[in-house]
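Hi there,

Here is the structure I promised to pass on to you. Please have a look at it, and then read my notes below.

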Amino acid sequence: TFGSLFILSTLGMASGLSLGPELPLVLTAGMAGSYLGVLCNQSVLQARVMNLTAASAAVGGFFGFPMAGAMFVLEIPHRMGLQYFEALSPATIASIVAVLVNRIVVGNDVTGYYNYPFLTS
């Protein structure tokens, strides 16, 4: 459940375990996406896409890299290649929107990592 996952991951990271913040992010956001899919009476496949989309938005928004968030989450459930290719577009868009919202809320500029002087003149 969400409560036990939250408590165990918080205690694990506070004690110095090398869990990383990815697993709690993916699991809690995936639970929220699955719950929203079930709440809206979606099919199992559509709820799974919601799960992957929410998890990729959480990872992308937390780390600030939208494509890394989408690709990291979409590689988790695969066995032979990309199995949930129908989740690629929603996961990428949700991750980009999460990064933009994070940067706007925090107050960082929504810019790239490289400075192009010919674009700013």
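Helix 1 and helix 2 cross in a left-handed manner; please keep in mind that this is a predicted model. Helix 1 covers residues 2–14 and helix 2 covers residues 22–39, and their axes come within 10 Å and cross at roughly 165°. Because angles over 145 degrees count as roughly antiparallel, helix 1 is roughly antiparallel to helix 2. On the helix 1 side you will find Phe2, Leu5, Ser9 and Met13, which meet Pro24, Leu27, Thr28 and Met31 of helix 2. Sorted by class, this contact has 6 nonpolar and 2 polar residues, with no charged ones.

The next pair to look at is helix 3 (residues 44–63) and helix 5 (residues 88–106), whose axes are 7 Å apart and pack at an angle of about 35°. Here the crossing is right-handed. Helix 3 contributes residues including Val49, Leu52, Ser56 and Gly60 to the contact, while helix 5 brings, among them, Pro90, Ala94, Ala98 and Asn102. The class count for this contact is 8 nonpolar, 6 polar and no charged residues.

Finally, the largest nonpolar core has 14 residues, and those touching the most other members are Val26, Leu52, Val59, Val73, Leu74 and Ala87. Helix 2, helix 3 and helix 4 (66–74) each give two or more residues to this core, and helix 3 gives the most, with 5 residues. Which residues does Leu52 touch, leaving out those up to four places away in sequence? They are Val73, Leu74, Pro77, Tyr84, Ala87 and Ala91.

Enjoy exploring!

Best wishes

How values were computed: Residues numbered from 1 in each chain as written. Predicted model: local features only at pLDDT ≥ 70, side-chain atom pairs only at ≥ 80, totals over all residues. Heavy atoms only, no water. Axes fitted to C-alpha atoms, helices over the stretch in contact; angles between N-to-C directions. Helix = DSSP H or I, 4+ residues; strand = E, 2+ residues; numbered from the N terminus. Parallel < 35°, antiparallel > 145°, perpendicular 65-115°, else oblique. Left-handed = near helix turned anticlockwise from the far one by under 90°. Contact = heavy atoms within 4.5 Å. Nonpolar A, V, L, I, M, F, W, Y, C, P; charged D, E, K, R; others polar. Core = buried A, V, L, I, M, F, W, Y, C linked by side-chain atoms within 4.5 Å. Buried < 20%, exposed > 50% of the residue type's maximum accessible area, 1.4 Å probe, protein only.
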